[in-house]
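Me: Take me through the labels used for this model. I want each value set against its definition.

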Amino acid sequence: MFIDSSMDNINKTMPDISHSIVDGDNDYNEAVKLVNDKYFDESLNKAKSAGDNFNESLNKLKNIRDKFSSDINDVQKEYIDTVVQELELKIDAVDNLINAIECFKVYSNSTGTSYASQANELMYEATMYQHERDEIVNNNTELFKPQKFML
């Protein structure tokens with residue numbers, strides 16, 4: 001019986017994680033567009049989908065970190081920790097967006113705007129981590145070859 005190495009398992013999982021993050025980002029952006037157009041039910045569905053995608057990626061990353069921590073180097077650990085922080089912020093942004101949508105649906109616009117502003121701030125902060133992980137990749141190209149351990 002052939003047993004995959006831990007790095008093989010990690011490298012197989014990373015594209016799924018990346019795909020879920022991209023889908024989550026797309027769903028989040030679509031939710032914002034829909035809420036701005038006052039399509040609240042559709043926006044709520046997209047926001048929930050974004051949260052599901054981000055949570056799926058977060059759970060897989062935490063599993064990698066917990067299960068394979070002894071097999072990955074410090075740079076890879078820093079990369080995973082950076083993406084975890086990014087995803088936690090994105091999940092908080094989704095939660096705030098959902099709260100905003102719920103407020104807008106019942107015409108509590110002031111409270112909704114407050115939640116929406118917080119969602120925007122959290123998403124902006126998440127992009128800082130996204131840039132940080134891009135920088136980690138650019139500074140360590142030998143570790144982050146295409147299709148290897150990268151989002």
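What follows is a short exchange on those labels.

Reply: This is a predicted model, where local features need pLDDT of at least 70, side-chain atom pairs count only at pLDDT 80 or more, and totals for chains, interfaces and linings use all residues. Residues are numbered from 1 along each chain as its sequence is written, and side-chain values use heavy atoms, with hydrogens and water left out.

Me: Why is K105 called partly exposed?

Reply: Its relative accessible area is 32%. Buried means under 20%, exposed over 50%, partly exposed in between (1.4 Å probe, protein chains only). K105 is therefore partly exposed.

Me: What makes F40 a contact of K105?

Reply: Contact means heavy atoms within 4.5 Å. Leaving aside neighbours within four places in sequence, K105 meets F40, D41 and L44 in this way. K105 sits in helix α3; helices are DSSP runs (H or I, at least four residues), numbered from the N terminus.

Me: What makes a set of residues a nonpolar core?

Reply: Its members are buried Ala, Val, Leu, Ile, Met, Phe, Trp, Tyr and Cys residues joined through side-chain atoms within 4.5 Å. The largest such core has 38 residues, and Y28 and L61 have the most contacts inside it. α1 (6–36), α2 (40–68), α3 (74–105) and α4 (109–139) each give two or more residues. α3 gives the most, 14 residues.

Me: How do you know that α4 is close to its expected span?

Reply: The expected span is 1.5 Å times one less than the number of residues. α4 has 31 residues and reaches 45 Å from first C-alpha to last, close to the 45 Å expected.
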